[in-house]
Amino acid sequence: MKPLKLEIQNSDALQEIGRASVQIVHDLKNQLNGLKLYATFLRKRMEKSERPEDERETITKLIAGLERAAADMTALVRFSRPLELRRKSHTDLAKILEGIQKSESVPVEFETGELIGEFDVAAITEALRDITLSALELRSTESLRIHSRVDDETNEALIEWRGLKIGDGDDPFHSFAGSGPIRMSLAAKIIEAHGGRVEHSLDILTIYLPLAERKQEAVSNHQSAKANS
């Protein structure tokens with residue numbers, strides 16, 4: 001799917017279109033959820049009446065399609081609204097990455113340092129998982145892997161998804177060409193809301209996230225000790 005190109009130059013008009021579109025998407029999402037309830041009711045009735053297997057499979061696929069469409073609309077609505085983060089101190093990004101490694105079967109390499117910071121656990125987990133899922137779609141013949149380390153100079157966690165094939169001129173973090181790119185845009189927004197940033201090259205996706213201040217103090221002490229030695 002190719003990105004939509006708007007010819008409208010007036011920023012006020014674009015904002016009005018955006019607000020109206022989001023409201024329409026929100027209403028459609030509610031209607032889809034209602035249809036899913038009806039479909040679920042029909043599936044239960046069909047199970048009791050022992051309907052043919054192909055009919056039960058059809059209704060199951062219908063419900064799954066409604067769920068995917070509603071989830072995509074939810075992501076778009078969330079992207080359009082300000083994020084409300086519930087930060088928790090001493091959050092370990094390494095544990096979140098280990099969970100993603102198990103659930104998505106993507107190897108994670110930990111190079112140096114503790115990835116401890118103040119993050120919204122649910123939001124940052126969602127962002128890291130969605131980036132991983134997009135990376136799985138972008139992977140090249142080389143096996144996909146996640147690499148993480150601590151940048152002592154900036155006191156940031158640096159996390160990379162390596163082994164990808166990204167088109168020249170494409171920006172995986174800021175594209176709306178489908179449901180996956182919308183989730184990537186939401187993931188970038190979550191990273192930036194935590195004070196981080198995102199980057200990409202032709203074969204790597206990279207994010208930076210600030211770590212806890214206590215880590216910076218330890219680095220400063222280490223650098224001072226090294227200078228005095």
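The chat below goes through a predicted model, taking its sheet, its helices and a few single residues in turn.

User: What order do the strands of the open sheet come in, and how is the pairing described?
Analyst: In this predicted model, five strands make up an open sheet, ordered β2-β4-β5-β7-β6, and their pairing is mixed. The strands β2 and β6 (197-200) are at the edges with a single partner strand each, so one side of each has no neighbour in the sheet. On average, neighbouring strands of this sheet are turned by 20° against each other, with direction ignored.

User: How many bridges join β4 to β5?
Analyst: Seven bridges join β4 to β5, and these two strands run antiparallel. As for a particular pair, I146 has W161 in β5 as its bridge partner.

User: And which strands do α3 and α4 lie across?
Analyst: Helix α3 lies across β2, β4, β5 and β7 (204-210), and runs at about 155° to β2. Helix α4 lies across β4, β5 and β7, running at about 170° to β7.

User: Where is L128, and is it buried or exposed?
Analyst: L128 belongs to helix α4, which covers residues 121-138, and L128 counts as buried because its relative accessibility is 0%.

User: What is L128 in contact with, leaving aside neighbours within four places in sequence?
Analyst: With those neighbours left aside, L128 is in contact with I96, L97, I100, I159, W161 and I207. For one of these, I96, the C-alpha atom is 8.2 Å from that of L128, although the two residues are 32 apart along the chain.

User: Switching to α2, how far does that helix reach?
Analyst: Helix α2 spans residues 53-80, which is 28 residues, and reaches 41 Å from its first C-alpha to its last, close to the 40 Å expected at 1.5 Å a residue. The buried residues in α2 are I59, I63, L66, A70, M73, A75 and V77.

User: Which residues other than glycine have a positive phi?
Analyst: Among them are S105, with phi near 55°, and N155, with phi of about 55°. S105 is placed in the loop between α3 (93-104) and β2 (108-110), while N155 is in the loop between β4 (145-151) and β5 (156-162).

User: Buried or exposed, those two?
Analyst: S105 counts as exposed because its relative accessibility is 62%, whereas N155 is buried, since its relative accessible area is 5%.

User: Last topic, what sits over the ring of Y208?
Analyst: The charged end of R197 sits over that ring of Y208, at 3.9 Å from the ring centre. As for pairs of aromatic rings with centres within 6.5 Å, the count is zero.

Conventions
Residues numbered from 1 in each chain as written. Predicted model: local features only at pLDDT ≥ 70, side-chain atom pairs only at ≥ 80, totals over all residues. Heavy atoms only, no water. Phe/Tyr/Trp six-rings, centres within 6.5 Å; stacked < 30°, edge-to-face > 60°. Lys NZ or Arg CZ within 6 Å of the ring centre and 35° of its normal. Helix = DSSP H or I, 4+ residues; strand = E, 2+ residues; numbered from the N terminus. Buried < 20%, exposed > 50% of the residue type's maximum accessible area, 1.4 Å probe, protein only. Contact = heavy atoms within 4.5 Å. Expected span 1.5 Å × (residues − 1). Pairing = 2+ DSSP bridges. Axes fitted to C-alpha atoms, helices over the stretch in contact; angles between N-to-C directions.
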